[in-house]
Amino acid sequence: MRESRFRHLGLSCAAQALSGATFFALAWGASAQAADLAAAPPSAPAPVVAVSTADTPVFYGTLYLWASSLSGRTSTLPNLPPADIDLSFKDLLKNLNGAVMATGEMRIGRWGFLADVMFTQVTPTGTLPGPLRSDIALRARSLTLSADVLYRLYESTTLNIDAGAGLRYWHLGNQLSIEPAFLPASFSVTQSEDWADPVIAARIQAQLGGPWSMTLVGDIGGFGVGSNSTWQAIGTLNYQWNDKLALRAGYRALSVDYENGSFLYDVLMQGPIVGATYRF
């Protein structure tokens, strides 16, 4: 019974820890939207045209929050069996104790070069039931790096269509520590996984009138190179606050199915997303 409770608690902590990063965007999608928010004041229609030229690059920076839930199946620590998980955003948020994230895009003519870096750390804790009542702590770190190149296939005053490809790199690392209440020695176990997924991507941006626009972003990849498969879909409604700042809100879903020996991370992350983009 104690062993069963230990596995359940350890897996629950691991699932929450590894997914601490999920309520921030992990991929290029949010920054990709930045390039299509044309610099026009709210009082006049903002046509969807490229601001940059073939000789003059334009830069965009984005900060965003993804209030994601997590569902699926995962086994992220040695000797622990796979477990089904279903965690809300509130469950994930309470264990977060640090995060650093930045996204940017450079546009030159019809080309867009995108990059995203995101690091998070979570440390859920708990107590194992039983006569020894051991304390258990999990430190989980997650690093995600993305790089993509997009080419503008179609451009008009009301519609832009981009397509391209890139890589999404993942690093997940865990350290599980157990300290028995009546024993001098502690026990710890660590495991980390690294992989990179090639992806093909597309985005569509449509002008809705005045300062309003809509962006749809999607990608699919993995193909057995890194994960078995991965995909994401993002839809946002954008508001051009002024000639530099744009605000947006929408919904995002990201799925990844990665397996390596006993390590399994087959999850779907989804929830509302909000953000702000600044054009330099």
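Rings of Phe, Tyr and Trp (its six-membered ring) are taken to pair if their centres lie within 6.5 Å, with planes under 30 degrees apart counted as stacked, over 60 as edge-to-face and the rest as tilted. The structure is a predicted model, in which local features need pLDDT of at least 70 and side-chain atom pairs count only at pLDDT 80 or more, whereas totals for chains, interfaces and linings use all residues. Residues are numbered from 1 along each chain as its sequence is written, and side-chain values use heavy atoms, hydrogens and water being left out.

A search of the whole structure finds seven aromatic pairs; one of them is formed by Y278 and F280, edge-to-face, at 5.1 Å centre to centre and with 75° between the planes. W170, W195, Y258 and F263 form one aromatic cluster.

Beyond its neighbours within four places in sequence, V256 is in contact (heavy atoms within 4.5 Å) with residues including W170, W195, Y265, V267 and M269.

T103 counts as buried because its relative accessibility is 8%. By the same criterion, Y278 is partly exposed at 38%, and F280 is exposed at 59%.

Notes: Buried means under 20% relative accessible area, exposed over 50%, partly exposed in between (1.4 Å probe, protein chains only).
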